[in-house]
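Subject: Structure handover and notes

Dear colleague,

I am passing on to you the structure that we talked about, together with some notes on it. Please open it beside this message, so that you can look up each place as you read.

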Amino acid sequence: GNLTNLAILNVSSNRLSTLPVSFSNFSNLIYLYLDNQIVDLGTRTYANPFIFTAPIAGYGSTPIAFTNISNQGENVANTIVWNDLDTIGETLSFDFSQPITIGGANANLSGTASIEVEPLISYDLVVDSIENVVYDGTFQAVEPIVKDATSSEVLIKGIDYQVTYSG
């Protein structure tokens, strides 16, 4: 059932960007291999700057290190920011590494992630109607649903657009 007697786990050279919480059941683990992951994060449209929040989930609460970020991207608090991208069909990449302990085994979940980006061509957006909110003295954040007006594709907050609140 739970593989609690598992002593060796080798998932090197796979496509892992996160590990299931159930791995914590491997209490007798003594050898763990998680290196050389190759992660394809798909294709995204972007507007400058391209902001990619928490691109790799990893395991537990240990921070993930992002290094060797292509195209002068910067790691800012688990968010990668690329400024002044001006290419069409560009593939961006970065390395990631996270130390992990499961049972008696220590390893590094590490590898390279890539994402293909296409510039946002259409700036015609549609925001679904937002319900009125009664002010009760506390901050009230309503999450809008934003879509591309041409394709009706639902855009992803923090990747395709940002929301700020004021007042």
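The notes below go through the sheets, the aromatic rings, the salt bridges and one surface patch.

Please keep in mind that this is a predicted model, in which local features need pLDDT of at least 70 and side-chain atom pairs count only at pLDDT 80 or more, while totals for chains, interfaces and linings use all residues. Residues are numbered from 1 along each chain as its sequence is written, and side-chain values use heavy atoms, with hydrogens and water left out.

Let me begin with the sheets. Strands here are DSSP runs of E with at least two residues, numbered from the N terminus, and two strands count as paired if DSSP finds at least two bridges between them.

A second open sheet has three strands in the order S4-S7-S6, and its pairing is antiparallel. Here S4 and S6 are the edge strands, each with a single partner strand, so one side of each is left without a neighbour in the sheet. Strand S4 (residues 50-53) pairs with S7 over four bridges, and Ile51 stands opposite Val81 in S7. S6 and S7 form a hairpin with three residues between them, and Ala77 in the turn has a positive phi of about 55 degrees.

Which way do the side chains of strand S7 (residues 79-82) point? Thr79 and Val81 point one way and Ile80 and Trp82 the other way, and all are buried, where buried means under 20% relative accessible area, exposed means over 50%, and partly exposed lies in between (1.4 Å probe, protein chains only).

The aromatic rings come next. The structure holds five aromatic pairs, counted when the ring centres of Phe, Tyr or Trp (its six-membered ring) lie within 6.5 Å, with planes under 30 degrees apart called stacked, over 60 edge-to-face and the rest tilted. One of the pairs is Tyr46 with Phe50, which is tilted, at 6.1 Å centre to centre and 55 degrees between the planes; both residues are buried. Another of them, Phe66 with Phe94, is edge-to-face, at 5.4 Å centre to centre and 90 degrees between the planes. Phe66 lies in strand S5 and Phe94 in strand S8, so this pair ties together parts that are 28 residues apart in sequence. Phe66 counts as buried at 6% relative accessibility, and Phe94 counts as buried at 0%. Ring pairs also link Tyr46, Phe50, Phe52 and Trp82 into a cluster.

A search of the whole structure finds two salt bridges, each defined as a side-chain nitrogen of Lys or Arg within 4 Å of a carboxyl oxygen of Asp or Glu. In one, the side chains of Asp128 and Lys147 meet at 3.7 Å, N to O. Asp128 sits in the loop between strand S10 (125-127) and strand S11 (146-148), and Lys147 in strand S11, 19 residues apart. Asp128 is partly exposed at 26%, and so is Lys147 at 24%. In the other, Lys157 and Glu143 meet at 2.9 Å, N to O. Lys157 lies in the segment after S11 and Glu143 in the loop between S10 and S11, 14 residues apart.

Finally, Ile8, Ile30, Tyr31 and Tyr33 make a nonpolar surface patch of about 400 Å². Patches are made of residues with over 30% relative accessible area and no salt bridge, with like charges joined within 9 Å and nonpolar side chains (Val, Leu, Ile, Met, Phe, Trp, Tyr) within 5 Å. Tyr31 counts as partly exposed at 43% relative accessibility.

Definitions and conventions
Areas by Shrake-Rupley, 256 points an atom, 1.4 Å probe, with all protein chains shown as cover.
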